[in-house]
Amino acid sequence: MTADTVTIRELIRRSREAVREHDREAWLALWAADALIQDPVGPSPFDPPGLGHRGPEAIAAFYDNIIAPNELITFEIAQSYECGDEVADVGLIRTVLPGGKHVAVVHGVFTYRSNGTGLFAGMRAFWEFDQAELLPAGS
């Protein structure tokens, strides 16, 4: 890895900042052309067949349909483990849903993989859709 290569932790920081700032282009620029997002892993209402979102068009659609409509998404990471070009974060994600009246809280393990050239190769989020908490905003 050269001094100019972006580390996996820096990629994660940039991703979370772009999500917070609603910066679609900055977020999409972090992903390799063959990257795969599985959030959550397996079948869910976000991905009924459970195959994930691979490639620029699918990742852009994931952003447009899952990330962009929300008011705010924050990450509270209790533990983080870096191994080479990968990180596993344990914690929760709070999502203020459209309209700002409800917050979805998801507890899980979130893994990120770099392709070694400063882009994400993949992200896998291990959480159970039916275990997500839906709370009134401000609680």
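Predicted model: local features only at pLDDT ≥ 70, side-chain atom pairs only at ≥ 80, totals over all residues.
Q: Where is isoleucine 37 found, and is isoleucine 37 buried or exposed?

A: Burial is read from relative accessible area, and buried means under 20%. Isoleucine 37 is found in strand β1, which covers residues 31-38. Its relative accessible area is 0%, so isoleucine 37 is buried.

Q: Which residues does isoleucine 37 touch, leaving aside those up to four places away in sequence?

A: Isoleucine 37 touches Trp27, Trp31, Gly52, His53, Ile59, Phe62 and Met123. Alanine 78 can be located relative to isoleucine 37 as well: the two are 41 residues apart in sequence and 22 Å apart in space, C-alpha to C-alpha.

Q: How many salt bridges are there?

A: A salt bridge here needs a side-chain nitrogen of Lys or Arg within 4 Å of a carboxyl oxygen of Asp or Glu. By this rule the count is 9 salt bridges.

Q: Where do arginine 13 and glutamate 17 lie, and how many residues apart are they?

A: Both lie in helix α1 (residues 8-20), 4 residues apart, which is about one turn of the helix. Arginine 13 and glutamate 17 form a salt bridge, with the closest N and O atoms 2.8 Å apart. Arginine 13 has 42% relative accessibility, so it counts as partly exposed. Glutamate 17 counts as partly exposed too, at 34%.

Q: Which residue forms a salt bridge with arginine 16?

A: The partner of arginine 16 is aspartate 89, and the closest N and O atoms are 2.8 Å apart. This pair links distant parts of the chain: arginine 16 is in helix α1 and aspartate 89 in strand β4 (residues 86-96), 73 residues apart.

Q: Why is arginine 16 classed as buried?

A: The cut-off decides: buried means under 20% relative accessible area. Arginine 16 has a relative accessible area of 18%, so it is buried. Aspartate 89 is buried as well, with a relative accessible area of 3%.

Q: Which parts of the chain does the pair of arginine 24 and aspartate 64 tie together?

A: The side chains of arginine 24 and aspartate 64 meet in a salt bridge, at 2.6 Å from N to O. Arginine 24 lies in helix α2 (residues 24-28) and aspartate 64 in helix α3 (residues 56-67), so the pair ties together parts that are 40 residues apart in sequence. Arginine 24 is partly exposed, with a relative accessible area of 28%, and aspartate 64 is partly exposed at 35%.

Q: Which residues do salt bridges with shared partners join into one network?

A: Glu10, Arg13, Arg14 and Glu17 are joined into one network in this way.

Q: What describes a pair of aromatic rings?

A: The distance between the ring centres and the angle between the planes describe the pair. The structure holds 8 aromatic pairs. In one of them, the rings of tryptophan 27 and tryptophan 31 have centres 5.3 Å apart and planes at 55 degrees, so the pair is tilted. Tryptophan 27 and tryptophan 31 are both buried.

Q: What is the angle between the planes of phenylalanine 46 and phenylalanine 129?

A: The angle is 90 degrees, with 5.2 Å from centre to centre, and the pair is edge-to-face. Phenylalanine 46 lies in the loop between β1 and β2 (53-54), and phenylalanine 129 in the loop between β6 (120-126) and β7 (133-136), so the pair ties together parts that are 83 residues apart in sequence. Phenylalanine 46 is partly exposed at 31% relative accessibility, and phenylalanine 129 is partly exposed at 36%.

Q: Which residues form one aromatic cluster?

A: The cluster is formed by Trp27, Trp31, Phe62, Tyr63, Tyr112 and Phe120.

Q: Over the face of which residue does arginine 16 lie?

A: Arginine 16 lies over the face of phenylalanine 75, at 4.7 Å from the ring centre.

Q: How many residues does α3 have, and which of them are buried?

A: Helix α3 has 12 residues and reaches 15 Å from its first C-alpha to its last, close to the 16 Å expected at 1.5 Å a residue. Its buried residues are Ile59, Ala60, Phe62, Tyr63 and Ile67. They cover an arc of only 155 degrees around the axis, which puts them on the same side of α3.

Q: What covers the buried residues of α3, and what does the face turned away carry?

A: The cover includes α1, α2, β1, β2 and β3 (72-83). The face turned away from the buried side of α3 carries the exposed residues Glu57 and Asn65.

How values were computed:
Residues numbered from 1 in each chain as written. Heavy atoms only, no water. Helix = DSSP H or I, 4+ residues; strand = E, 2+ residues; numbered from the N terminus. Buried < 20%, exposed > 50% of the residue type's maximum accessible area, 1.4 Å probe, protein only. Contact = heavy atoms within 4.5 Å. Phe/Tyr/Trp six-rings, centres within 6.5 Å; stacked < 30°, edge-to-face > 60°. Lys NZ or Arg CZ within 6 Å of the ring centre and 35° of its normal. Expected span 1.5 Å × (residues − 1). Arc of directions from axis to C-beta.
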